[in-house]
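Work through the exercises below with the coordinates open. Each one gives a task and then a stepwise solution.

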Amino acid sequence: MTVDAQQPIAPEGTGAVAIGTPLPRIDALAKVTGTARYAAEHGAADLLHGVVVNTVVARGRIRSIDTQAALALEGVVEVITHLNRPKMRSMDLFYKDMTAPAGSPFKPLHDDEIHYSGQPVALVVATTLEVARYAAMLVRIEVESRPHETNLLAHRDRAKTPSRLKAGYSPPPKPRGDAESAWQAAPVTVDAEYYAGVEHHNPMEMHASTVIYGEDGHLTIHDKTQGSQNSRWLVSRAFGLPERKVTVKNAFVGGAFGSGLRPQYNLLLATMAALHLKRSVRVVLTRQQMFTFGHRPETWQRVRLAADATGRLTAVMHEAIAETSRREDYVEVVVNWSGQLYACDNVKLDYQLVELDQYSPIDMRAPGAAHGVHALEVAMDELAHAAGLDPLALRLRNYAERDSAKDLPFSTKALRQCYDQAARRFGWERRPLAPRQMREGHEWVGWGMATGTWDAMQMFARARATLDEEGRLVVESAATDIGTGTYTAMAQIAAASMGLPLEHVTFRLGDSTLPVAPIEGGSSHVSTVGSAVHGVCEKLRKSLWKRAKQHVPGFDGARYADLEFRSGQIVHLPSGATVPVTQLLRESAGGRLEDKYLLLPNMLKQKKYIRAVHSAVFVEVRVDEALGTVRVTRVVSAVAAGRIINPVTARSQIIGGVVWGIGQALHEETLSDHALGRFMNHSLGEYHIASNADVPEVDVLFVEEDDRIVSRMGAKGVGEIGIVGVAAAISNAVFHATGKRVRSTPMTPDKVMAREMG
Ligand code: MOS
């Protein structure tokens, strides 16, 4: 069998691994030495470079495009616009990728309509990137502009319940009990508004597509995507190409966090150019263009909580109004968590959208929960303060043993242990109850905490495994590693299952021709693809067992349960008989075994449970009294997410989530000039992300659960949970430090210093 040199493999001598062995990622060497190639690093002999021209007008119609000056430059091959693009399908249906919201997807260079500021309107194609970039500046576009609306807060009166719903989305459940009356009657109440500013995706790798035009017209596309089969699906449908004429690869992805769930416009533009010119074409977005295809939606929220004198919740009301585009209803679960996280009989939830002249918002790490749970958890802190209770004691008083919305048990829920272990590690019992009690030098010191939650999902996937006579195992699935450690975790699951040294196992992913796998999203790849890998290995083990019974003395009549697979051997535990897997393969299977496994979630069993991951986050901040600057100086995050396959990569996921939570809390916001209808700070110079100096040592604890309802290995997922609750814990710590409640993210110094609350 051939093993692509691009596929990372553990170094020789790594040896035996189990589920739970802490392992450095097996693609680390390829990444730090630069041999791992990303979408924009693949080439072709006569590669052309495309540079996108974007409009600055928020709404209108293109009157004319003058491409003469650009075309006159030496090296410019073509300028593609809506006037000369190759023929594409026009129906919305063909532009809906597998993760598209309901509605009418944006179609780049489709016609002369301008829908948002930043919309791509032309692609300049040249023999070098430099010439293409210069020529792009020479393209003159005249637009007849029309009035636009981009201001969510100014148009809240237009909010309406989304009518176009995406399959799989859970709208807020119907009210239960009578929350309004309970709130009116309660001795302790909170009623507060929260605001989350727009955030944009800034993974290290910018979105890019390299389309390699084969001799027979076959397209091999290296795309920055969270799902190669999703990109293939979109390209083949939008251009009316048979799927076999398009192969999409994404062997390495430099972070995506949701930005690569939907294929971005670079993919369709690069493909357009390649088909039009019958040449290979690469299109890479610039950092500024990363601000032109979707964002975490600006969201306004109101939370009302009520409790009795002991702190028991008697009412939870949570409403959210978020933005969407004119064309699609981008929906996310913002408020539902508030009906699930705590026990309460009277719950009322509402979620509405306002259509704006923007690109559709897009999933971003823990979409909905990152800001929805934020509002709830700050409100809980406010309630604790109003009731004179410790914030952790308030959570424990209202701990949900069952889900009160659906009256179902949790598949597993070790949140109580998360609270307990993180609080002890943090030293929470020494926290003064009142705010503004701790001070060092010119800084107020505060301690805050919050709860986090996210779904534990499972999708469907196939895996194929081939075991050869040298005892080398290749497992394949069209999965993705967006930097999360998929290569390592999947190889680890396979090696542990088969009792093979890790360096004898290759996991191949990132190629649309491999067995079907979903997008890497929703923190579900381990429970989905991992289960498929686990399943196919079990099938191999069972065929080896049957062969051993027939061919190996001492295995006659052996029961499957009595076998152990270790160090490349099969051991019959009762008799002590052993046989090397390689020998068995040579003697019984022609030297090779191959099998496939289709993982379909057991919906009948799963739907009897609420399946979720949980976290408890404890934070210390220091707030400069004169400047209002906030420093996060300690973070303890305890996470319950099933069995942890690899504590090293899982911990990195949580740290990454915490870092982004710090960014959400203190730094990240894209600001609009509503007169122009345009995001103004579209560069890393002005859009601040948390950098090293902003991030303290992050203490991550895993409280293990063994959840066989979510997945056959007992694992859930850790991609998103790390961010949820972090910004709330920081906000709560700022209150504890200063007595000032900041209800809007990011908590920039102007808000911290503002005289009025909020
Ligand atoms: Mo995640 S926002 O599902 O990549």
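## Exercise 1: charges over rings

Arg-156 lies over the face of Trp-300, 4.5 Å from the ring centre. The model is a predicted one.

Task: Find the ring over which the charged end of Lys-107 sits, and give its distance from the ring centre.

Solution.
1. A charge counts as sitting over a ring if NZ of Lys or CZ of Arg is within 6 Å of the ring centre and within 35 degrees of the ring normal.
2. For Lys-107, the ring is that of Tyr-95, and the charged end is 5.7 Å from its centre.

## Exercise 2: aromatic pairs

Task: State how many aromatic pairs the structure holds, then classify the pair of Phe-106 and Tyr-116.

Solution.
1. The number of aromatic pairs is 15.
2. Phe-106 and Tyr-116 have a centre-to-centre distance of 5.7 Å and an angle of 80° between the planes.
3. Planes over 60 degrees apart count as edge-to-face, and the Phe-106 and Tyr-116 pair is edge-to-face.
4. Phe-106 is in the loop between strand E4 (102–103) and strand E5 (113–114), while Tyr-116 is in the loop between E5 and strand E6 (120–126), so the pair ties together parts ten residues apart in sequence.
5. Phe-106 is buried at a relative accessible area of 13%, and Tyr-116 is buried at 3%.

Task: Classify the pair of Tyr-116 and Tyr-359, and locate both residues in the chain.

Solution.
1. The ring centres of Tyr-116 and Tyr-359 are 5.0 Å apart with the planes at 75°, so this pair is edge-to-face.
2. Tyr-116 lies in the loop between E5 and E6, and Tyr-359 in the loop between strand E16 (347–356) and helix H7 (369–387). The pair thus links distant parts of the chain, 243 residues apart.
3. Tyr-359 is buried, with a relative accessible area of 12%.

Task: Name the residues that ring pairs link with Phe-426 into a cluster.

Solution. The cluster joins Phe-426 to Trp-428, Trp-447 and Phe-618.

## Exercise 3: backbone geometry

Task: Describe the peptide bond from Thr-745 to Pro-746.

Solution.
1. Omega is near -5°, and the bond is cis.
2. Pro-746 is in the loop between strand E33 (744–745) and helix H16 (749–753).

Task: Give the phi values of Leu-109 and Phe-257, and decide whether each is buried or partly exposed.

Solution.
1. Leu-109 is not a glycine, yet its phi is positive, near 55°. Leu-109 is in the loop between E4 and E5 and is buried, at 4% relative accessible area.
2. Phe-257, also not a glycine, has a positive phi of about 60°. Phe-257 sits in the loop between strand E11 (246–249) and helix H6 (265–277) and is partly exposed, at 32%.

## Exercise 4: helix H14

Task: Check the span of helix H14 (residues 647–666) against 1.5 Å a residue.

Solution.
1. The expected span is 1.5 Å times one less than the number of residues.
2. For the 20 residues of H14 this gives 28 Å, and the end C-alpha atoms are 28 Å apart, which agrees.
3. At the start of H14, a side-chain oxygen of Asn-646 comes within 3.0 Å of the backbone nitrogen of Val-648.

## Exercise 5: the surroundings of Thr-150

Task: Which side chain makes a polar contact with that of Thr-150?

Solution.
1. Thr-150 is placed in the loop between strand E7 (140–145) and helix H4 (179–185), and is buried at 3% relative accessible area.
2. The partner is His-674, with a polar contact of 2.7 Å between the side chains.
3. Setting aside neighbours within four places in sequence, Thr-150 is in contact with Leu-356, Asp-357, Gln-358, His-674 and Gly-677.

Note on methods
Residues are numbered from 1 along each chain as its sequence is written. This is a predicted model: local features need pLDDT of at least 70, side-chain atom pairs count only at pLDDT 80 or more; totals for chains, interfaces and linings use all residues. Side-chain values use heavy atoms; hydrogens and water are left out. Rings of Phe, Tyr and Trp (its six-membered ring) pair if their centres lie within 6.5 Å; planes under 30 degrees apart count as stacked, over 60 as edge-to-face and the rest as tilted. Helices (H or I, at least four residues) and strands (E, at least two) are DSSP runs, numbered from the N terminus. Buried means under 20% relative accessible area, exposed over 50%, partly exposed in between (1.4 Å probe, protein chains only). A polar contact is a pair of N or O atoms within 3.5 Å; within protein, one must be able to donate a hydrogen and the other to accept it, and residues adjacent in sequence count only if both atoms are side-chain atoms. Contact means heavy atoms within 4.5 Å.
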